[in-house]
Amino acid sequence: MTAFGKLIRTTAFRLTLVYLFLFALFAASLLGYFAWNTRRLITEQIASTVDAETGELSDIFGRRGLRGLVFNIENRALRPGANLYLVTTPAGQAIAGNVGSLAPGVMATTGWSETAYRRLDEQDNAYHRALVHVSELSGGFRLLIGRDLEERRRMFGIIAKAAQWSVLIVVVLGLGGGIFVARRVLRRIDAMTGTTQRIMSGDLSGRLPVGRSGDELDRLAENLNAMLERIEALMMGLKEVSDNIAHDLKTPLTRLRNRAEEALAKSASEAEYRSALERTIEESDGLIRTFNALLMIARAESGQASGDMDDFDAADVANGIHELYEPLAEDDGMTLQVKTVSAPLHGNRELISQALANLVENAIKYGKPVPAPQSLSADAVATADSRDIVIEARRDGDQVLFSVTDHGPGIPEADRKHAVERFVRLEASRTQPGSGLGLSLASAVATLHGGELRLADAHPGLSAILAIPARVGVSDRLAAQTLAVPQKVA
């Protein structure tokens, strides 16, 4: 397709043609209405002048008779730019006036008419147009008074020519403007098309060009770029997950197979077979938990859980997690505390509970205090040796914050961004069982709700904060709950 063919097929050019047609039609209608009204006004002026003069001459005829009428008509006919005058006998013979000839039948009918005429003093034989009024006088005489319509014709011609030029200028400027706009839009669309073709060929880093005008195309490009960034992030995440699954799940699957082979080769008694089967089941449960975590992360990141939103109290979730994990923390030599303030929230309770549970599990696993150096003061040693894990749920401005704070070694600031990725386990945690998906799930749940997961320093230790936007308009039941909920400390 040629460049001109692409140009005339653009929506912008077609819309320009439509608006051009409508505007030209409007301009032509406006000028036509103006011309018609001008013609009507001139005709009314002529009729008013002729009526007045007809009444005046009829009065002269009534007072001074035919002689006085002829005398006045002869005098008036000699004036520059005089009207048309003609007096005829009852037989139709001309007595006085400046009209040389008329269209047949004009004098036979009284009243107004538009006719062709020629003056007596004209050298050429050209006929002109005039608006005339014929009245009948006493004795059967007839009086014609009229006015040439050349002035009306010239005025109408001026307006018609102005209309022609106006429409021509509108068409030329409209087509020029339409071509300019269409070419500008076409260049931007072609740039977008080229980018999309590169993206379809596999280059997900391509982005649509965004201008500085802030028009609808720029807003569309910005939204599409945001969508492309999200798609690129998801594709990178999918690639990383695939690589991580192949790498991190290969070891437990190999271990599972080796144990099964070892049981078949070496087990000689029922007890040994049972022990081997129990280890196999335990390893399988770990794999199932890993896959369940991956499914929950995928569900959160894809937005599939956004339809399971409900109104609930963040304090109830924190208190429930505390009751569930308090025995586990005590068995591990930790003390689990909870501090809650009623905070109405709208979200997926199941996913938020799971995310908070992951943060608590991490705190129990990795939050054991680091032995304090001898140089520390007594207060510092007491703080460093603290085995308290604190769960908090509260409202902070337009957000609801779930936080889990421990006094363990924490996570170095340089590693915090890396720590929320799937299957990532820092060096300090590799001796502990786990899959490296806990923080990833918490981050995905926060993103699903429009929030974020923050990892902060607890001096010493780590404070993991799940920040969820508080939705306006939660149920009146939650809004009416008392804010003075007593603290529940383990």
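Helices here are DSSP runs of H or I with at least four residues, strands are runs of E with at least two, and both are numbered from the N terminus. This is a predicted model, in which local features need pLDDT of at least 70 and side-chain atom pairs count only at pLDDT 80 or more, while totals for chains, interfaces and linings use all residues. Residues are numbered from 1 along each chain as its sequence is written, and side-chain values use heavy atoms, with hydrogens and water left out.

Helix α11 covers residues 438–448 and is mostly covered, with nine of its eleven residues buried. Buried means under 20% relative accessible area, exposed means over 50%, and partly exposed lies in between (1.4 Å probe, protein chains only). Among the buried residues of α11 are Gly438, Leu439, Ser440 and Leu441.

## The protein as a whole

Let's step back for a wider view. The protein has twelve helices and 13 strands. Of its 490 residues, 38% are buried.

## How confident is the prediction?

The predictor's confidence in each residue is given as pLDDT, from 0 to 100. The mean pLDDT of the protein is 79, and 81% of its residues reach 70 or more. Over residues 374–385, however, the pLDDT is below 50, and this stretch has 13 contacts in the model beyond near neighbours in sequence. Residues 472–490 also stay under 50, with 32 contacts beyond four places in sequence. Where pLDDT is low, the predicted coordinates should not be read in detail.

Now find strand β1, residues 84–88, where five of five residues are buried. Leu84, Leu86 and Thr88 point one way from the strand, while Tyr85 and Val87 point the other way.

Two strands pair if DSSP finds at least two bridges between them. Strand β1 runs antiparallel to β6 (residues 142–148), joined by five bridges, and Leu84 has Gly146 as its bridge partner in β6. With β2 (residues 94–97), β1 pairs in the antiparallel sense over three bridges; here Leu86 stands opposite Gly97. The hairpin of β1 and β2 has five residues between the strands, and Gly92 in this hairpin takes a positive phi near 95°.

Most residues other than glycine have a negative phi, and most peptide bonds are trans. The loop between β12 (452–457) and β13 (462–469) holds Pro460, and His459 is found in that loop too. A cis peptide bond joins His459 and Pro460, with omega about -5°. His459 is not a glycine, yet its phi is positive, at about 55°. His459 counts as exposed because its relative accessibility is 65%.

## A nonpolar patch on the surface

Leu15, Val18, Tyr19, Phe21, Leu22 and Leu25 form a nonpolar surface patch with about 640 Å² of accessible area together. Patches are made of residues with over 30% relative accessible area and no salt bridge; like charges are joined within 9 Å, and nonpolar side chains (Val, Leu, Ile, Met, Phe, Trp, Tyr) within 5 Å. A salt bridge is a side-chain nitrogen of Lys or Arg within 4 Å of a carboxyl oxygen of Asp or Glu.

Leu15 lies in helix α2, residues 11–77. Leu15 counts as partly exposed because its relative accessibility is 45%.

Methods:
Contact = heavy atoms within 4.5 Å. Areas by Shrake-Rupley, 256 points an atom, 1.4 Å probe, with all protein chains shown as cover.
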